[in-house]
Amino acid sequence: MNNSSKIAISDAHSKIILAGEHAVVYGKPAIAIPFPLKVASIVEKSIGPIIFESAIYTGFLYNMPIKLKGISNCIKETLKYLNKPEKNLKIKIISSIPIGRGLGSSAAISISIVRSLFSFFERQITQNELFYLVQIAENYAHGNSSGLDIMATISENPIWFEKERGILSIKSKCPLYIVVADTGSTSDTRVAVENVRKRYNLKPKKVQKSLDTIEEITNEIKKAVLNGNINLLGKLLTNNHNELINIGVSDERLNNLVKLALDSNALGAKLIGGGLGGCMIALARDRGQAKEISNKLVKSDAEKSWYFSTNEDVVMEV
Ligand code: PMV
C-alpha cells in the first residue's frame, strides 16, 4: 500500500479523578470523568528514521529524552504489533493538556498516538489492544500503574474503576459544574505512589484506615453522582481531600487552593491524581459560580484555571 500522501489524525481527552486515587492502587474503587482538554497526534509519511515533533522535544525517535521513554517504547511496540518497520514516519503532537498535573496527559498522548498509527495503517483498534499498548508507556511513567488513567482517558463517560474488576460506566443525574486549578508545579505520580507505600510499610494500620475511609467516601460519591445530590457530593469531595492529606500526598499550595475554593462557597474541593503538586478541583453550583471561583483561584495562587460542565465537550480557560 502506498501511504505517501496520507495523513492520520486522532485525538484523546484528559481526565479528572473524582474520587479514590491512591486507594485504587490497593484494590479500592475510584471514579474518574473525562475532562475536555485534548491532545491530537498527526502521523504522516516521511523518509528515514521516525521523527517525533512536540512542544517538549523534536527530533528522531531513537534520541527521545528519558522522560519520553515510555512514549517511545509505546510507539515501537505499536509498530511491532502492526508489523510495520520503525522508519519513514513523522509523528506530531499538539496538546492543550499541561504535563505532569494529574490530568492524564501522558496516557492521553499515548492513546492519541496509538489511535493515529492504527488509523494511518488502516487498521481497526479494539479497546483491549489500545489498553495493552498504552499500558507499556504508563507502566514506564508511573511504575506499577493501576490502569485507572488509561481507562479514564479512553472512556467517553464517567467511570467506576476497580483494578481487578475493570470499569463500569456511570451516569450523573445532572450536569456537574467543575473548576480545575493548576498549582503550576509538577506532580510526580511515581514518587507520590512510592511515598504512600513507604508510609503504609511504616504505619500500616493508620494508612489502611485512610484507604478504607476513601473507599467508603468513593461509594458515597457514586451514589451522590447517580442521584444528582450535589451538596452531598461537594462535602464528600472535601472529605476525600482530607484523607489524601492524611496519607501524605497533598501540599501547601493544593491545600490553599482547596481552602480558597471553599471560602468562595464551592460545594467541595479536592486535589486530583498523584498529588504533591499538580491540580485540584472544586464543585460549583452552576456555571456562573464556576467562573467566579476560577477567577478567584487565578487571582490568588493558581497558575491557570478552567471550568466546564460534564454534559458538554467544551472547556473555558481563565
Ligand atoms: O497523577 P495521575 O493523574 O497520573 O493519577 C494517578 C492515580 C494514582 O491512583 C495515584 C496512581 C494509579 O496508578 O492509579
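## Burial and overall build

Here, a residue is buried when its relative accessible area is under 20%, exposed when it is over 50%, and partly exposed in between (1.4 Å probe, protein chains only). On that scale, buried residues make up 53% of the 318 residues in the protein. You're looking at a predicted model, numbered from 1 along each chain as its sequence is written, in which local features need pLDDT of at least 70 and side-chain atom pairs count only at pLDDT 80 or more. Totals for chains, interfaces and linings use all residues, and side-chain values rest on heavy atoms, with hydrogens and water left out.

The protein has 9 helices and 12 strands, which are DSSP runs numbered from the N terminus (H or I, at least four residues, for helices; E, at least two, for strands). Its C-alpha trace spans about 60 × 45 × 35 Å along the principal axes. The radius of gyration, taken over C-alpha atoms, is 20 Å, and this agrees with the value near 20 Å for a compact globule because the chain has 318 residues. The globule rule is 2.2 Å times the number of residues to the power 0.38. As for contacts (heavy atoms within 4.5 Å), take the ones between residues at least 6 apart in sequence: 72% of them join residues at least 24 apart.

## Two domains

The protein splits into domain 1 (3-168) and domain 2 (172-317), with bounds from an automatic or database domain assignment. Where the two domains touch, domain 1 puts in 31 residues and domain 2 puts in 45. Their centres, taken over C-alpha atoms, sit 24 Å apart.

## Around the domain boundary

I167 lies in strand β7 (residues 166-169). With 36% relative accessibility, I167 counts as partly exposed. Skip its neighbours within four places in sequence, and I167 is in contact with M151, I159, W160 and F161. K15 is 152 residues away from I167 along the chain, and their C-alpha atoms are separated by 15 Å.

K171 is in the loop between β7 and β8 (177-182). This lysine is at 68% relative accessibility, so K171 counts as exposed. Leaving out residues within four places in sequence, K171 has contacts with V225 and L226. N157 is 14 residues from K171 along the chain, with 7.5 Å between the two C-alpha atoms.

## One cavity, one pocket

A cavity is a set of points, on a 1 Å grid over the protein atoms alone, where a 1.4 Å probe fits but cannot get out; a pocket is an open set with protein on both sides within 12 Å along at least five of seven lines; and lining residues have an atom within 4 Å of a point. The count is 1 cavity of 30 Å³ or more, and the largest cavity has a volume of about 30 Å³ (the space filled by probe spheres set on the points, which are joined across faces, edges and corners). Its lining consists of L18, I31, I33, P158, I170, S172, L176, V225 and T310. By class that makes 7 nonpolar, 2 polar and no charged residues (nonpolar being Ala, Val, Leu, Ile, Met, Phe, Trp, Tyr, Cys and Pro; charged being Asp, Glu, Lys and Arg; and polar the others, Gly among them). Domain 1 and domain 2 each give at least three residues to this lining.

The second largest pocket holds about 430 Å³ of space. It is lined by 23 residues, with P34, E156, N157, P158 and T310 the closest to its centre. Strands β1 (7-19), β2 (30-45) and β11 (304-309) each supply at least two lining residues, and the largest share, 5 residues, comes from β2. This lining divides into 10 nonpolar, 6 polar and 7 charged residues. Here too, each domain provides at least three residues.

## A few residues to look at

I7 lies in strand β1. It counts as partly exposed because its relative accessibility is 48%. Beyond residues up to four places away in sequence, I7 touches I42, V43 and E44. I7 and F121 are 114 residues apart in sequence and 10.0 Å apart in space, C-alpha to C-alpha.

Most residues other than glycine have a negative phi. H22, which is not a glycine, has a positive phi of about 70°. H22 is in the loop between β1 and β2, and at 4% relative accessibility it counts as buried. E122, also not a glycine, has a positive phi of about 55°. E122 sits in the loop between α2 (105-120) and α3 (127-142), and at 52% relative accessibility it counts as exposed.
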